[in-house]
Every structure is written in C-alpha cells, then in structure tokens.
Amino acid sequence: MNALYTAVATANGREGRAVSSDGILDLALAMPPALGGNGAGTNPEQLFAAGYAACFASALGAVGRLAKVDTSEASVTAEVTIGAVGDGTYGLAVILRVELPDALQNETGHGLVERAHQVCPYSNATRGNIEVQLVVE
C-alpha cells in the first residue's frame, strides 16, 4: 500500500477518553445504556459509524465526479450494531443508508452507490469480515 495519511489515536477503554495525536479529537468514552453504561460519552460504535458514513459519502462523491454526476445532495447514515456471536466473542454489523436526491433515484444512482462500496476504504476493510447492508433511500 502506498500510504497517503496515517491517523493516530489512543484510548484507554470504553470508560475513559479517546485522544488523537494532534489533540483535535478528544472525547469522553462511556458504555451506552443498552450495554449497561451511563451513556455520558461517545462509544466505539458511534465513532465507527461516523467514520464509515463520512468515508462512504466521500467515496460516493469521488465516483460521482468520475461519472460527471452531482452527488453533493446525497447523505449517508451508518447504523453500527454490536452483538454476541458466540463463546464470549462479539461482532459488528452495519447498515449504510444512502439518501439520494430525486434526480438520482434511478439505475445511475444505485450504480454509483455500488461503485462507492467498491472504492470506500471502510467497505474494503470490512468486506468478508462483517455484514454490510446497503439501503438506498
């Protein structure tokens, strides 16, 4: 891989802080109430959802520009679920909800979403490891 950028962050567990090496990201971490926590901070699933949604939206913009199609009105919502997969281990599942403008509610828009899924680094990292469902809205 030809590295273009490396992000560095340090966390000390689900109840603590996550801080990037440049200090721009500095967040309190807490277990969500659904997992028995107080919810007084963000959690890894929210961070993953935000990162995946942003990355996928960027990939959609890139494939749109190549195809000379304006995707600037599209938005991506990532739903990241954590659950037990057996023997004390846990896994993730993702639903990516891509909201396309009316003008892209067609084969072209759906094709761009599929292409973005092939280009997006998060999609490439998760492919074959976790279930990722694409929903075009």
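1. The E4-E5-E6 sheet. Three strands make up an open sheet, ordered E4-E5-E6, with mixed pairing. Strand E4 (75–86) and strand E6 (131–136) are the edges, each with a single partner strand, so one side of each has no neighbour in the sheet. From one strand to the next, the twist averages 20°. A word on terms: two strands pair if DSSP finds at least two bridges between them. Helices (H or I, at least four residues) and strands (E, at least two) are DSSP runs, numbered from the N terminus.

2. How to read the model. Please keep in mind that this is a predicted model, in which local features need pLDDT of at least 70 and side-chain atom pairs count only at pLDDT 80 or more, while totals for chains, interfaces and linings use all residues. Residues are numbered from 1 along each chain as its sequence is written, and side-chain values use heavy atoms, with hydrogens and water left out.

3. E4 and strand E5 (residues 89–99) run antiparallel and are joined by eleven bridges.

4. Axes here are lines fitted to C-alpha atoms, for helices over the stretch in contact, and angles run from 0 to 180 degrees between N-to-C directions. Contact means heavy atoms within 4.5 Å.

5. A closer look at H1. The 23 residues of H1 should span 33 Å at 1.5 Å a residue, and the end C-alpha atoms are 33 Å apart, which agrees; the expected span is 1.5 Å times one less than the number of residues. The buried residues of H1 include Ala49, Tyr52, Cys55, Phe56, Leu60 and Val63. Which elements do the buried residues of H1 pack against? They pack against E4, E5, H2, H3 and E6. Buried means under 20% relative accessible area, exposed over 50%, and partly exposed in between (1.4 Å probe, protein chains only).

6. The structure holds zero disulfides, a disulfide being a pair of cysteine sulfur atoms within 2.5 Å.

7. Aromatic pairs. Across the whole structure, a search finds three aromatic pairs. Rings of Phe, Tyr and Trp (its six-membered ring) pair if their centres lie within 6.5 Å; planes under 30 degrees apart count as stacked, over 60 as edge-to-face and the rest as tilted. The ring centres of Phe48 and Tyr122 are 5.7 Å apart with planes at 45°, so this pair is tilted. It links distant parts of the chain, with Phe48 in helix H1 and Tyr122 in helix H3 (residues 121–126), 74 residues apart. Phe48 is partly exposed at 21% relative accessible area, and Tyr122 is partly exposed at 29%. Ring pairs link Phe48, Tyr52 and Tyr122 into a cluster.

8. Thr71, a loop residue. Is Thr71 buried or exposed? Thr71 lies in the loop between H1 and E4, and at 9% relative accessibility it counts as buried. Leaving aside neighbours within four places in sequence, Thr71 is in contact with Leu60, Gly61, Gly64, Leu104 and Leu112.

9. Strand E2 (residues 16–20) and E3 run antiparallel, with four bridges joining them, and Val19 stands opposite Asp26 in E3.
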